[in-house]
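Hi,

Here is the structure I promised to send over. Have a look at it first, and then read on for my notes on the charged side chains.

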Amino acid sequence: MAKEDYYETLGVNRDVDEKALKSAFRKLAMQYHPDRNPDNAEAEAKFKEINEAYEILKDAEKRAAYDRYGHAAFEQGGAGGGGFGGFGGGGFSGFGDIFEEMFGDMMGGGRGQSSGRGADLRYNMEISLEDAFNGKKATIEVPTSVNCDSCDGTGSEGGKPPTTCPSCHGRGKVRAQQGFFTIERTCPTCHGAGSVISDPCGICGGTGRERKSKTLSVNVPAGVEDGTRIRLTGEGEAGLRGAPSGDLYIFLSVVPHRIFQREGANIFCEVPIPMTTAALGGEIEVPTVDGGRARIKVPEGTQSGNQFRLRSKGMSVMRSNSRGDMFVEVHVETPVKLTKEQKEILKQFAEAGGGDVETHNPESQGFFSKVKDFFEDLRD
């Protein structure tokens, strides 16, 4: 079966520029990435085709050869002489490379990792709903890699400066001839650093960093929600031999509250009220998330499920002075363990017409009217 044209694989024209080519590749790679399509053989095969096409077309020399000879330029014994022998020998090294290509620019890693930039770290922090409302300053301890004190992060014993790499002469890359193509790769001696350490530090082994715990202060702003991410620039792992450090990402998790439920900036609260208060009316007092109290006037005839709105009594809103609202939903509680006298009073109420469905219980009246209509429809 003939291979699909690389330009068609990426859905671009043959005169596509480098920027548009990369954009098309990223879009397709994210769509068919195996992490997004687990156990999907077709998506995995498509993903490999997309990567293969991009690996060729992103390189000016390879693209020129492809435009002239097509797929034969990269097949053993093809029109391009020795060819590249597929992608197992140096063009494509697996899904890790594609991930770096897609996200390296955004996360400060990827191809730039050859410079030794430290890895980004994640820290999970739980906070209470009150902390999310008020904001807080917290101190955390993060196990990480820090610059070696013995060599000041240089990786060299006594802090001696590194020497120029003899293989790449400081370029960090070496070139190799394959057929009529010149391939440029990261120098295997210095791993792209351009320099080597002749006398490695005995503490860090020449890496310029060591494992330690770091204590950091975190400012949690008021109004944060569950899943909010806080970034501390440069507080991730130290880079190799003095290279830039990565970042620390703190993911916040708000612990469920025993009284309040939160939806965005609004707070919801369920409050039971006595039957007498619901029937006769009255006032109830409820707590608020800011630690205060609020009074609510309950009108006569209040039913279970009725809601009362307290404006600006909800959560803080990030980066503003405003607050959400608080919604109190009441539930009428039926009294239990009545005394003989209390039962007698209720019987007197019922005998005096208190049990009249039509007069005193509109919801019951509506329900039983529907039941009556239902049975009449069955008879018809």
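E55 has a relative accessibility of 8% and is therefore buried, since the cut-off is under 20%. Please keep in mind that this is a predicted model. The partner of E55 is K58: the two form a salt bridge in which the closest N and O atoms are 3.6 Å apart. K58 itself is partly exposed, at a relative accessible area of 32%.

That pair is one of 20 salt bridges in the structure.

What does E237 pair with? Its side chain meets that of R211 in a salt bridge, at 3.1 Å from N to O. E237 is buried, with a relative accessible area of 15%, whereas R211 is exposed at 53%.

The other pair is E235 and K214, whose side chains form a salt bridge of 3.2 Å, N to O. E235 is partly exposed, with a relative accessibility of 25%.

One last thing to look at while you have the model open: R117, D120, R231 and D247 are joined in a network of salt bridges.

Best wishes

Technical notes. Residues are numbered from 1 along each chain as its sequence is written. This is a predicted model: local features need pLDDT of at least 70, side-chain atom pairs count only at pLDDT 80 or more; totals for chains, interfaces and linings use all residues. Side-chain values use heavy atoms; hydrogens and water are left out. A salt bridge is a side-chain nitrogen of Lys or Arg within 4 Å of a carboxyl oxygen of Asp or Glu. Buried means under 20% relative accessible area, exposed over 50%, partly exposed in between (1.4 Å probe, protein chains only).
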